[in-house]
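Hi,

Here is the structure I promised to pass on.

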Amino acid sequence: MTITNSTPEKANVFIELFDMIAAPRQAMMRINLHPRSWWFPALLALLTALFVLWTSLDYLLEVAQRAAQLQLSAQDLPPEQLETAQAMMDRLMQPNFMLIQGAIGILLGLVLAWALNTLIIYLSASIGGADPKASSMWALVVWTWVPFIVRNVVYGVFGLFSDVFSRSPGLTWFVSTGDIIADQGNPVYVAAAQVDIFALWHLILIYILLRTPVSMGRTGAIIVTLLYALINLGLRVGISQLSGLVGG
């Protein structure tokens with residue numbers, strides 16, 4: 001009698017990347033047993049996000065300068081204070097400074113997002129009666145970022161030739177007023193910016209994560225996926241409104 005070993009073997013990170021697109025169930029089963037490969041999608045997420053930042057830097061500088069001018073004009077400062085504030089704004093909005101500031105923000109944002117989403121998935125699955133493997137949950141969540149890595153590549157490439165993606169992310173084309181500063185303060189606009197085919201793809205991967213490595217039932221996985229989506233959407237909208245209140 002031949003005994004077969006059904007335990008998935010560790011795969012090369014490039015194979016994992018391909019399978020997360022073509023065969024995510026099989027990839028997640030391997031990642032669940034061999035979670036140390038999380039560094040690869042994490043590195044790709046960071047590098048591709050920096051690529052988008054670099055290709056859209058001119059547009060971001062333009063928006064930041066307009067916002068700064070509006071903020072200064074609203075404060076009604078004396079001429080000498082206005083000149084000092086203007087000089088400070090000019091120093092802060094140099095391209096190199098914006099790149100460094102943006103890179104730090106991207107790195108911190110990714111780490112916080114992965115940590116929070118890992119916690120959401122782990123706690124929700126545990127409350128739902130599943131027994132998720134804590135040691136691999138971080139890696140599984142980071143690997144579900146593959147759709148956003150692909151989106152960054154698409155946006156970055158188009159950003160080399162056009163700023164259409166920067167101006168109209170997600171479904172914002174339907175609610176945009178054309179004034180990016182005003183739109184960023186509109187919670188409907190911020191919510192619409194989160195809805196695109198890549199976000200939907202990410203949610204599908206979250207559902208597969210819950211169904212395959214975590215072994216949740218179909219109904220429970222659907223509920224947790226929807227809860228996950230609503231929490232993330234609410235946090236993004238809430239952060240944008242808080243940023244507007246403090247003048248960020």
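Predicted model: local features only at pLDDT ≥ 70, side-chain atom pairs only at ≥ 80, totals over all residues.

Glu16 and Arg30 are both buried, where buried means under 20% relative accessible area, exposed over 50% and partly exposed in between (1.4 Å probe, protein chains only). Their side chains meet in a salt bridge, at 2.9 Å from N to O; I call it a salt bridge when a side-chain nitrogen of Lys or Arg is within 4 Å of a carboxyl oxygen of Asp or Glu. Glu16 sits in helix 1 and Arg30 in helix 2, so this pair ties together parts that are 14 residues apart in sequence. Helices here are DSSP runs (H or I, at least four residues), numbered from the N terminus.

Residues are numbered from 1 along each chain as its sequence is written, and side-chain values use heavy atoms, with hydrogens and water left out.

Back to the charges. Arg30 also forms a salt bridge with Asp19 (2.6 Å, N to O), and that pair again links helix 1 to helix 2, eleven residues apart. Asp19 counts as buried because its relative accessibility is 14%, and Arg30 because its value is 12%. The count comes to three salt bridges, and one of them joins Arg151 and Asp196 (2.7 Å, N to O). Arg151 is in helix 8 and Asp196 in the loop between helix 11 (187–193) and helix 12, 45 residues apart. Arg151 is buried at 19%, and Asp196 is buried at 14%. Through shared partners, Glu16, Asp19 and Arg30 end up in one network.

Now the inside. The largest nonpolar core has 39 residues, and Met20, Trp114, Ile121, Trp145, Leu210 and Met216 touch the most other members. By nonpolar core I mean a set of buried Ala, Val, Leu, Ile, Met, Phe, Trp, Tyr and Cys residues joined through side-chain atoms within 4.5 Å. Among the helices that each supply at least two residues are helix 1 (13–22), helix 2 (24–33), helix 12 (197–211) and helix 13 (218–245). Helix 6 gives the most, with seven residues. A second, separate core of six residues includes Leu57, Met89, Met93 and Met98.

Helix 7 is largely enclosed by the rest of the structure, because seven of its ten residues are buried. Those are Ser136, Met137, Ala139, Leu140, Val141, Val142 and Trp143, and what covers them includes helix 1, helix 2, helix 3, helix 6, helix 8 and helix 12.

Trp54, Val153, Val157, Phe158, Leu160 and Phe161 make a nonpolar surface patch of about 650 Å². Patch residues have over 30% relative accessible area and no salt bridge, with nonpolar side chains (Val, Leu, Ile, Met, Phe, Trp, Tyr) joined within 5 Å; areas come from the Shrake-Rupley method with a 1.4 Å probe. Helix 8 gives the most to this patch, with three residues. Phe161 lies in the loop between helix 8 and helix 9 (164–167), and counts as exposed because its relative accessibility is 73%.

Cheers

Terms used:
Contact = heavy atoms within 4.5 Å. Patch = residues over 30% accessible without salt bridge, like charges linked within 9 Å, V, L, I, M, F, W, Y side chains within 5 Å.
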